Amino acid sequence: MLPAYIPSPVAAVFGGGKPIDGGKTLGDGRRILGDGKTYRGLLSGIFFGMVVGLLQMYYLSMNSMLFSVELPSFAGNGVNATVVIFALAFGSLFGDMFMSFFKRRLGLKRGAPLPVVDQLDFVFGAWLLTYIIAPGWFTANFTASIIIVLLVLTPVLHLSTNIIGYFIGVKNEPW
Ligand code: CTP
Ligand code: MG
């Protein structure tokens with residue numbers, strides 16, 4: 001999950017500048033995505049998410065265990081590991097953008113909380129894209145029990161990371 005977890009905090013740190021929607025509004029008078037979704041956030045997030053995934057691959061090439069846990073591989077089931085890492089990183093920010101689109105349609109301003117969605121949109125985005133690109137790899141690695149653990153663990157991780165982000169001044173809201 002690391003290549004999917006890294007992009008959001010990286011986007012919060014390095015984001016800003018030109019918004020992806022170019023400042024445009026839709027027929028409902030609201031922004032397409034809003035100022036919280038920028039090119040810099042998207043590109044830096046994908047970049048660092050992929051760097052971390054590639055470092056994991058490098059580690060795995062020398063060592064198959066970490067703290068006596070056997071590590072899974074991004075490769076296998078006939079897919080290229082780099083493609084899987086990209087799908088996890090891009091999918092996470094795509095899920096986040098998709099839900100911002102949805103939040104704007106609901107009339108929620110940038111940064112307004114939408115519980116559960118805010119904590120899990122990037123996980124579903126990452127899983128969906130990875131499933132589309134590499135279904136065999138996805139089902140082999142994300143078993144039902146792993147999915148359940150991640151659905152419980154991720155909101156806790158997300159909230160604690162955002163509280164830190166709020167206090168160090170890179171997030172406007174602690175959620
Ligand atoms: N960010 C960015 N580009 C992205 C995603 C995030 O620049 N593609 C940055 C923005 O500075 C954003 C911050 O990361 O404010 C936190 O992201 P998020 O909580 O997803 O955005 P919000 O500002 O809460 O906006 P929204 O209501 O659309 O979720
Ligand atoms: Mg938010």
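Residues are numbered from 1 along each chain as its sequence is written, while chains are lettered from A and ligands numbered from 1 in the order in which they are written. Because the model is predicted, local features need pLDDT of at least 70 and side-chain atom pairs count only at pLDDT 80 or more, whereas totals for chains, interfaces and linings use all residues, and side-chain values use heavy atoms, with hydrogens and water left out.

The volume of the largest pocket is about 1000 Å³, a volume being the space filled by probe spheres set on grid points that are joined across faces, edges and corners. Its lining receives at least two residues from each of α2 (7–14), α3 (39–62), α4 (81–105), α5 and α7 (144–167), with α7 giving the most, seven residues; helices (H or I, at least four residues) and strands (E, at least two) are DSSP runs numbered from the N terminus. By residue class, the lining of the largest pocket holds 17 nonpolar, 15 polar and 10 charged residues, where Ala, Val, Leu, Ile, Met, Phe, Trp, Tyr, Cys and Pro count as nonpolar, Asp, Glu, Lys and Arg as charged, and the others, Gly among them, as polar. Ser8 is placed in helix α2 and is partly exposed at a relative accessible area of 21%, given that buried means under 20%, exposed over 50% and partly exposed in between (1.4 Å probe, protein chains only). The C-alpha atom of Ser8 is separated by 9.1 Å from that of Ile46, 38 residues apart along the chain.

The second largest pocket, with a volume of about 680 Å³, is lined by 23 residues, of which Met1, Leu2, Gln56, Leu71 and Pro72 lie nearest its centre. To this lining α3 gives the most, five residues, and the lining divides into 19 nonpolar, three polar and one charged.

Five salt bridges are counted, each defined as a side-chain nitrogen of Lys or Arg within 4 Å of a carboxyl oxygen of Asp or Glu. Asp21 pairs with Arg31 in one of them, with the closest N and O atoms 2.8 Å apart; since both residues lie in the loop between α2 and α3, the pair ties together parts that are 10 residues apart in sequence. Asp21 and Arg31 are both buried. A salt bridge between Asp28 and Arg105 (2.7 Å, N to O) links the loop between α2 and α3 to helix α4, 77 residues apart, and here Asp28 is partly exposed at 35%, as is Arg105 at 22%.

On the surface, Val83, Leu128, Tyr131, Ile132 and Ile133 form a nonpolar patch with about 460 Å² of accessible area together, areas coming from the Shrake-Rupley method with a 1.4 Å probe and, for residues, only the protein chains shown counting as cover. Patches are made of residues with over 30% relative accessible area and no salt bridge, like charges being joined within 9 Å and nonpolar side chains (Val, Leu, Ile, Met, Phe, Trp, Tyr) within 5 Å. Helix α5 (residues 117–133) contributes the largest share, four residues; Leu128 lies in this helix and counts as exposed at 54% relative accessibility.

Note on methods. 1 Å grid on protein atoms, 1.4 Å probe; cavity = no way out; pocket = protein on both sides within 12 Å on 5 of 7 lines; lining within 4 Å.
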